[in-house]
4 protein chains.
Amino acid sequence: MTHTIREKKKLLARVRRIRGQVEAIERALGSEAGCDQVMHLIAGARGAMAGLMAEVVEEHVRTHLVDTKKYPDALDADATEQLLEVVRTYLK
Amino acid sequence: MTHTIREKKKLLARVRRIRGQVEAIERALGSEAGCDQVMHLIAGARGAMAGLMAEVVEEHVRTHLVDTKKYPDALDADATEQLLEVVRTYLK
Amino acid sequence: MTHTIREKKKLLARVRRIRGQVEAIERALGSEAGCDQVMHLIAGARGAMAGLMAEVVEEHVRTHLVDTKKYPDALDADATEQLLEVVRTYLK
Amino acid sequence: MTHTIREKKKLLARVRRIRGQVEAIERALGSEAGCDQVMHLIAGARGAMAGLMAEVVEEHVRTHLVDTKKYPDALDADATEQLLEVVRTYLK
């Protein structure tokens with residue numbers, strides 16, 4: 001990912017949080033935690049993973065679909081927003 | 001949808017097939033069909049709906065993200081394909 | 001579905017609403033509606049379909065997993081609720 | 001999770017594999033890997049997480065829905081299989 005430092009930091013923070021959630025699943029499986037608790041932890045990690053994917057897809061759309069140096073005005077803002085809305089709905 | 005006649009026909013055929021599937025669910029619920037059969041029919045209709053969405057999203061990306069009359073070469077083919085691959089994975 | 005009349009009516013009402021939503025997609029595709037509107041309609045129909053599936057799965061779990069005439073107390077209420085919570089999360 | 005040692009080992013192996021996949025995402029984000037590669041890694045980790053959830057749900061259904069010591073024959077095998085099939089379809 002060659003993008004802005006700020007965006008990169010945000011994504012890294014997200015993925016580290018997910019790593020923490022996966023480690024919590026591992027601990028819960030290793031201990032006497034109930035299925036119930038394990039299912040909750042997995043559902044949480046899966047939601048966080050979906051959020052990360054939505055973020056990376058958005059980054060990809062805004063940065064790579066069009067070479068913005070060559071065509072700074074080519075990407076239609078409304079159509080992009082409509083696309084990302086669908087992506088977010090399905091990645092929830 | 002203002003796109004090509006051919007694309008429109010394809011999408012209409014898809015949505016009509018989905019209507020048929022929904023009507024089959026309705027009949028199954030009205031008859032003595034088992035939950036098992038009803039769940040199968042719903043899973044099928046849901047898969048078909050996801051396929052329709054993937055198709056419309058692809059159409060949207062290829063036709064609306066960039067005004068291709070004004071910028072015929074602006075949309076990056078590889079980046080577009082990578083995006084659509086993710087969309088298809090999540091819409092399965 | 002051999003279940004209660006009341007439950008059956010509720011499910012039939014749901015599936016008829018979905019049929020209406022699919023017909024709206026068909027009309028939108030046939031008219032000059034934009035991709036944007038079509039994507040919205042599909043997302044709505046898909047959500048409704050997921051809700052229907054969650055309802056039928058719940059019915060299936062409560063009615064068929066255990067022969068409640070023979071074993072009226074065998075199905076664990078808490079464990080059932082935990083399962084259905086996961087099902088609802090994934091069917092959103 | 002109080003289940004069999006063997007089942008527990010299998011689940012732990014799965015979650016450790018997912019941890020490895022999340023660490024690979026972290027490394028990819030930290031390096032100059034493209035969005036494309038990051039999206040692929042996330043899609044893989046998400047699929048693995050869905051597989052883990054399906055496994056835990058199956059365990060939950062088979063072990064907790066019915067107190068099998070008290071009611072060894074109460075859980076209907078066919079209805080259980082039908083439920084798990086739906087769960088697997090939606091967790092893919």
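In the predicted model, chains A and D meet through the same surface, since 100% of the interface residues of chain A are also interface residues in chain D. The contact draws 36 residues from chain A and 36 residues from chain D. Between chain A and chain D an area of about 3100 Å² is buried, and carbon and sulfur atoms give 76% of this area. Four salt bridges are found across the interface of chain A and chain D. One of these links Glu26(A) to Arg19(D), with the closest N and O atoms 2.9 Å apart.

The contact between chains B and C was examined in the same terms. Chain B contributes 36 residues to this contact and chain C contributes 36 residues. The buried area between chain B and chain C is about 3100 Å², with 76% given by carbon and sulfur atoms. Superposition of chain B on chain C gives an RMSD of 0.0 Å, through a turn of 180° and a shift of 0.0 Å along the axis. The two copies are therefore related as by a two-fold rotation axis. Of the interface residues of chain B, 100% are also interface residues in chain C, so these copies meet through the same surface. Four salt bridges cross the interface of chain B and chain C. In one salt bridge, Glu26(C) pairs with Arg16(B), the closest N and O atoms lying 3.1 Å apart.

Over all chains, the count of salt bridges comes to 40. A salt bridge within chain B joins the side chains of Lys10(B) and Glu7(B), with an N to O distance of 3.7 Å. Both Lys10(B) and Glu7(B) belong to helix H1 (residues 5-30) of chain B, where they are three residues apart, about one turn of the helix.

The largest pocket holds about 610 Å³ of space. Its lining comprises 28 residues, of which Arg46(A), Tyr90(A), Lys92(A), Arg46(C) and Lys92(C) are the closest to the pocket centre. Elements that give two or more residues to this lining come from chains A, B, C and D. In chain A they are helix H2 (35-64) and helix H3 (77-90), and in chain C they are likewise helix H2 (35-64) and helix H3 (77-90). Chain B and chain D are each represented among these elements by helix H2 (35-64). The largest share of the lining, five residues, is supplied by H2(A). By residue class, the lining of the largest pocket divides into 16 nonpolar, four polar and eight charged residues.

The second largest pocket has a volume of about 200 Å³. From chain C, the residues that line this pocket are Asp73(C), Ala74(C) and Asp76(C). From chain D, the lining residues are Thr63(D), His64(D), Val66(D), Asp67(D), Thr68(D), Lys69(D), Lys70(D) and Tyr71(D). The lining of the second largest pocket divides into three nonpolar, three polar and five charged residues.

Technical notes:
Residues numbered from 1 in each chain as written. Chains lettered and ligands numbered in written order. Predicted model: local features only at pLDDT ≥ 70, side-chain atom pairs only at ≥ 80, totals over all residues. Heavy atoms only, no water. 1 Å grid on protein atoms, 1.4 Å probe; cavity = no way out; pocket = protein on both sides within 12 Å on 5 of 7 lines; lining within 4 Å. Points joined across faces, edges and corners; volume = space filled by probe spheres on them. Helix = DSSP H or I, 4+ residues; strand = E, 2+ residues; numbered from the N terminus. Nonpolar A, V, L, I, M, F, W, Y, C, P; charged D, E, K, R; others polar. Least-squares fit on C-alpha atoms with pLDDT ≥ 70 in both. Contact = heavy atoms within 4.5 Å. Buried area = accessible area lost by both parts, 1.4 Å probe.
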